[in-house]
Amino acid sequence: INPISNITVQLPTNSNATSVAVNFPVPTASDNCGMVTVTTNPVSGSQFPVGTTVVQVTATDAAGNQSFSSFTVTVRYRFNFVNFSDL
């Protein structure tokens with residue numbers, strides 16, 4: 001499996017949302033016996049909650065052999081702080 005890097009996203013500034021849809025490229029894999037199917041759980045486009053979620057990656061070849069990997073998706077709040085001493 002050719003892994004992808006961990007992903008970090010931020011909610012819109014001062015959002016009260018607790019999750020966000022995150023799209024990511026599906027990792028790729030190769031095999032000397034032909035085609036490989038790669039799946040992720042959760043899938044790209046899923047809603048990810050604030051915090052860190054592990055995405056499980058499974059590559060399956062035509063013979064049913066499997067390989068596993070993972071990466072994380074981290075969702076953070078973004079706050080816009082006001083410095084009242086500047087007012």
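Two aromatic pairs turn up in this structure, which is a predicted model. Let's meet their members.

The pair formed by Phe 24 and Phe 48 is edge-to-face, with 6.4 Å from centre to centre and 70° between the planes. This pair links distant parts of the chain: Phe 24 lies in the loop between β2 and β3, while Phe 48 belongs to strand β4 (residues 47–49), and 24 residues separate the two. Are these two residues buried or exposed? Both Phe 24 and Phe 48 are buried.

Now for the pair of Phe 24 and Phe 71. Why is this pair called edge-to-face? The planes of Phe 24 and Phe 71 stand at 80°, and planes over 60 degrees apart count as edge-to-face. Here too, distant parts of the chain are linked, since Phe 71 sits in strand β6 (residues 66–76), 47 residues from Phe 24. Both Phe 24 and Phe 71 are buried.

Here are the two pairs in a table:

| Pair | Centre to centre | Angle between planes |
|---|---|---|
| Phe 24 and Phe 48 | 6.4 Å | 70° |
| Phe 24 and Phe 71 | 5.1 Å | 80° |

Next, take a look at Gly 34. Where is Gly 34 found? Gly 34 is in the loop between β2 (19–21) and β3 (36–41). With a relative accessible area of 43%, Gly 34 is partly exposed.

Technical notes: Residues are numbered from 1 along each chain as its sequence is written. This is a predicted model: local features need pLDDT of at least 70, side-chain atom pairs count only at pLDDT 80 or more; totals for chains, interfaces and linings use all residues. Side-chain values use heavy atoms; hydrogens and water are left out. Helices (H or I, at least four residues) and strands (E, at least two) are DSSP runs, numbered from the N terminus. Buried means under 20% relative accessible area, exposed over 50%, partly exposed in between (1.4 Å probe, protein chains only). Rings of Phe, Tyr and Trp (its six-membered ring) pair if their centres lie within 6.5 Å; planes under 30 degrees apart count as stacked, over 60 as edge-to-face and the rest as tilted.
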